[in-house]
Amino acid sequence: MDVIRVMSLKRFGVSIPEDLLERFDEVVVKRGYIGRSEAIRDAMRLFLSQYEADLEEKGSIGTISVLYRHKPKVMASLTKMQHGSDAHVISTMHVHLTPLHCLEVATVKGKKDGIQNLADKMGGLTGVEYVRLFLFAVPDLEHEH
Ligand code: NI
């Protein structure tokens, strides 16, 4: 026999626009839920996990890889952006990739928004061919290797 997890369930009433409920119910059916309740529970879990991830009080670590045309103006702008960023740029590595291209990898630390902002700004610069951000939460200190 399976172990049955007993949990107390609360019922509550919610006022919701009709069209929103209709759209929700359509997805409930398409996803194969038996009823609306489990779908609402899943939606609430997702809502909470995203809130907690965004909160991220410990901060995030990331790397921003930038491939750009080797031009002094582009290099100067990238450096200026890093100095002025909310994200803390821990280190940068510069690779003279080809006679025309440079690759720069910046290791950054801070709030997700600040890091994302810096990556977006770098990506919008003329001469930058592409930017790739890799972001992760700071690992737990209690975790042993
Ligand atoms: Ni270079």
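1. The side chain of S85 lies 2.9 Å from the backbone nitrogen of A87. This pair falls under the definition of a polar contact (N or O atoms within 3.5 Å; within protein, one must be able to donate a hydrogen and the other to accept it, and residues adjacent in sequence count only if both atoms are side-chain atoms). The model is predicted: local features need pLDDT of at least 70 and side-chain atom pairs count only at pLDDT 80 or more, while totals for chains, interfaces and linings use all residues. Residues are numbered from 1 along each chain as its sequence is written, and side-chain values use heavy atoms, with hydrogens and water left out.

2. S85 belongs to the loop between helix 3 (72–83) and strand 2 (88–96); helices (H or I, at least four residues) and strands (E, at least two) are DSSP runs, numbered from the N terminus. S85 counts as buried because its relative accessibility is 19%, the limits being under 20% for buried, over 50% for exposed and partly exposed in between (1.4 Å probe, protein chains only). Leaving aside residues up to four places away in sequence, S85 touches G114 and L118, where contact means heavy atoms within 4.5 Å.

3. A nickel ion is coordinated by H94 (NE2), H96 (ND1) and C102 (SG) at 2.1 to 2.4 Å. Along the chain, these donors follow the spacing H-x1-H-x5-C. Donors are N, O and S atoms within 2.8 Å of the metal (3.2 Å for Na, K and Ca); water is not among the atoms, so sites may look incomplete. H96 is exposed, with a relative accessible area of 61%, whereas C102 is buried at 1%.

4. G110 is placed in strand 3 (residues 101–110). G110 and S60 are 50 residues apart in sequence, yet their C-alpha atoms are 5.4 Å apart in space. Not counting residues up to four places away in sequence, G110 touches G59, S60 and I115.

5. The largest pocket has a volume of about 710 Å³. Of its 17 lining residues, F12, V14, R36, S37 and I40 are the closest to its centre. A pocket is an open set of points on a 1 Å grid over the protein atoms alone where a 1.4 Å probe fits, with protein on both sides within 12 Å along at least five of seven lines; lining residues have an atom within 4 Å of a point.

6. Helix 1 (18–30) and helix 2 (36–55) each supply at least two residues of the lining of the largest pocket. The largest share, seven residues, comes from helix 2.

Definitions and conventions
Grid points are joined across faces, edges and corners, and a volume is the space filled by probe spheres set on the points.
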